[in-house]
Amino acid sequence: MSLEPSESSKMPSRLPKSNTGIRGLDEITAGGLPSGRPTLVCGSAGSGKTLFSMEFLVHGATKYKEPGVFVAFEEKAEELAVNVASLGFNLNQLQHDGQIRVDHVRIERSEIEETGEYNLDGLFIRLAYAIDSIGAKRVVLDTIESLFSGLTNQAVLRAELRRLFEWLKEKKVTTIITGEKGEASLTRQGLEEYVSDCVILLDHRVENKISTRILRIVKYRGSVHGTNEYPFLIDEEGISVLPVTSLQLNHPVSSERISSGIPALDKMLGGEGFFKASSILVSGTAGTGKTSIAGSFIDRACTDGMRAIYFAFEESPHQIVRNMRSINIDLQAHVDSGLLLFSASRPTLNGLEMHLLNIVKLVEKFQPSVIVLDPISNLVTVGSNSEVRSLLTRLIDFLQSQQITVMFTALALNDKNSEQTDEGVSSLVDVWVLVRDIESNGERNRGLYVMKSRGMKHSNQVREFVITDEGLKLVEVFLGPVGVLTGSARETQQLLEKTSEALRDHAVSRKDREIERKRLVLESKIATLKEEFESLQEELNKSYIEDELKKSIMEDNRKELTRKRDNLL
Amino acid sequence: MIKDSHDTQDWDDSDEMDNHFVLDLFIAGASSNSIRAVANLREICEKYIKERYTLRVIDVHQEKSLASQEQLVALPLLIKSRPYPERRLIGDMSDTQKVLKGLGISGE
């Protein structure tokens with residue numbers, strides 16, 4: 001969308017659009033409904049058509065300075081005002097301010113006698129009057145099909161409707177026409193034939209006793225638009241559509257790390273913990289401490305000053321807080337400081353899509369850095385595996401785009417396929433931590449290992465996972481001669497090793513002493529030999545000097561004798 | 001309120017008022033439907049309720065706020081406000097039988 005054609009090129013201008021102000025809808029439609037053209041909003045009874053169109057008008061009047069006319073064929077103005085008051089719209093005030101004009105068109109077949117040719121000029125005139133009196137830019141006709149039950153001449157009605165839509169286009173007002181869903185067609189009276197620019201279908205489905213509202217853009221001439229079915233929500237803030245399926249895989253990534261709250265687990269994950277905005281799956285069989293892992297993760301995040309939401313699908317917040325206290329984690333303190341928010345709901349409360357919407361809405365409101373979903377397994381009770389998978393995919397996408405780190409817990413069945421989680425989400429997540437029961441020697445112990453961890457070095461070791469009064473601990477892996485040992489087997493083995501070490505130490509010191517003694521003996525021997533050698537050397541030296549002396553004395557004597565003989569001559 | 005058994009009418013009005021027709025014909029400008037409706041209605045009135053009616057012809061274009069007040073949708077529209085009950089007739093009044101039926105006059 002950023003690549004706008006340059007002004008010099010002769011591209012015809014883009015289709016102008018009018019923002020609806022309905023959350024999410026403007027994203028799907030890339031800007032709203034076509035300006036100055038009619039849009040058909042169709043759906044079965046109770047699908048939210050009136051509310052949809054009323055929001056369009058009210059937002060137009062309050063946010064976009066586009067006053068609007070609401071032509072109500074079904075409800076009286078007072079009834080409408082009461083109905084939308086629950087959404088916080090003060091229709092009476094808006095009417096008083098000349099922002100919105102509600103015109104109730106009542107047409108009762110029993111009161112009317114048709115006596116020949118007629119047309120709908122009356123409707124045209126009052127509509128024109130209403131539009132001109134407040135300078136309306138938006139018009140809603142809800143539901144114009146009522147005309148068909150009030151008047152019998154179909155040919156006239158159809159011709160007049162065609163003329164009406166043309167006239168509305170000429171008036172350059174953005175119009176919503178609502179229509180009841182027909183048997184085989186989008187609307188009972190085939191209004192889609194006349195309104196060819198934009199058609200939006202609202203649906204209300206009940207599957208497995210759980211209802212989901214769906215919005216789909218059937219067509220939008222001259223514009224790109226999302227074609228999927230988008231779930232939407234009607235609550236006290238009106239309609240919100242969340243185009244969570246339109247997200248692409250292009251979110252920014254972070255190499256920042258976030259601690260898991262268990263130092264030893266961080267060490268297994270390259271020493272620093274998870275990547276920020278990554279998704280973490282903790283799966284394991286029942287009672288392996290998944291919630292405790294989630295609890296310590298949340299605790300650490302809040303301690304570090306991050307905001308967090310804990311979505312609990314199984315336990316109540318109080319229960320979680322109490323249970324965490326037993327392992328020395330005080331979540332209540334974080335709740336009190338406003339960093340932690342609990343959102344507990346039974347999975348069966350809503351359809352899956354509603355859960356997703358609620359999560360997304362809450363996340364957007366609370367702006368957390370970390371969220372926990374505990375456990376996702378329960379969601380399967382309200383949807384099939386593929387639906388849960390699709391939900392989690394979109395949720396992960398959404399959270400990553402918001403730079404939020406998410407931890408899911410999932411119950412793994414203790415069978416041969418326990419490597420695969422029920423929900424089949426293990427391939428979606430960035431980090432998968434598996435907690436498992438290891439049963440041997442008549443006891444159960446917990447083993448924890450990192451099945452995968454994208455983009456970081458991680459330990460391939462199984463660690464024994466111990467839940468203590470002080471929190472969670474991972475005990476150094478203990479490799480015995482028969483493999484990895486856990487629990488009391490590990491402790492026994494450790495004791496054994498300690499004993500043999502002491503024995504070995506003892507043996508070593510005795511040998512050392514003997515060597516020392518040997519050395520001393522040898523050293524004294526060396527000293528004796530050295531002395532012997534020195535006395536021998538002295539002896540030898542003595543005779544050598546004597547010889548030298550003798551020799552020089554004899555030389556002197558001889559010289560003396562020679563001189564004396566010379567003197568005699 | 002019914003006092004006399006010979007009085008076949010249910011409402012409590014004088015005989016004179018019962019017989020007097022108050023008719024408002026709403027038309028949209030000088031369209032062909034409008035012109036035909038005015039002509040047809042005048043003819044019917046002259047023929048069946050001569051001098052027993054008051055006819056007002058109102059051009060809605062001249063007074064647009066009336067459209068909403070009077071709940072106008074289809075035009076031309078004839079509102080018979082007297083005698084009771086009020087009746088609404090739409091169309092160009094070309095179907096004389098239906099007009100008479102709507103006005104509560106038996107076509108003799």
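**View 1. Helix α9 of chain A and what follows it.** Helix α9 of chain A (residues 290-303) has 14 residues and spans 20 Å from its first C-alpha to its last, close to the 20 Å expected at 1.5 Å a residue. The expected span is 1.5 Å times one less than the number of residues. Helices (H or I, at least four residues) and strands (E, at least two) are DSSP runs, numbered from the N terminus. Of the 14 residues of α9(A), 13 are buried, so the helix is largely enclosed by the rest of the structure. A residue counts as buried if 20 or more other C-beta atoms, placed from the backbone, lie within 10 Å of its own, as exposed if 12 or fewer do, and as partly exposed in between. Gly305(A), with a positive phi near 85°, follows α9(A).

The model is predicted: local features need pLDDT of at least 70, side-chain atom pairs count only at pLDDT 80 or more, and totals for chains, interfaces and linings use all residues. Residues are numbered from 1 along each chain as its sequence is written, while chains are lettered from A and ligands numbered from 1 in the order in which they are written.

**View 2. Ala308(A) in the largest nonpolar core.** This core has 159 residues, of which Ile298(A), Ala308(A) and Ile371(A) touch the most other members. A nonpolar core is a set of buried Ala, Val, Leu, Ile, Met, Phe, Trp, Tyr and Cys residues joined through C-beta atoms within 7 Å. Beyond its neighbours within four places in sequence, Ala308(A) has contacts that include Ile298(A), Ala301(A), Leu339(A), Leu340(A) and Ile371(A); two residues are in contact if their C-beta atoms, placed from the backbone, lie within 7 Å.

**View 3. The sheet that holds β16 and β17 of chain A.** Nine strands of chain A make an open sheet with mixed pairing, in the order β17-β16-β18-β19-β15-β20-β21-β22-β23. Strands β17 (340-344) and β23 (471-475) of chain A are the edges, each with a single partner strand, so one side of each has no neighbour in the sheet. From one strand to the next the twist averages 25°. Five bridges link β16 (residues 308-312) of chain A to β17(A) in the parallel sense; strands pair if DSSP finds at least two bridges between them. Within this pair, Ala308(A) is opposite Leu340(A). Helix α12(A) lies across β16, β17 and β18 (370-374) of chain A, at about 160° to β16(A). Axes are lines fitted to C-alpha atoms, for helices over the stretch in contact, and angles run from 0 to 180 degrees between N-to-C directions.

**View 4. The contact between chains A and B.** Chain B gives 28 residues to the contact and chain A gives 21 residues. On the chain B side, α3 (65-69), β4 (87-90) and α4 (96-103) each supply at least two residues. Strand β6 (residues 112-114) of chain A runs parallel to β4(B), joined by three bridges, and Ile112(A) stands opposite Arg88(B).

**View 5. The hairpin of chain B.** Strand β3 (residues 77-82) of chain B pairs with β4(B) in the antiparallel sense over four bridges. Four residues lie between β3(B) and β4(B) in this hairpin. Ile79(B) is placed opposite Arg88(B) in β4(B).
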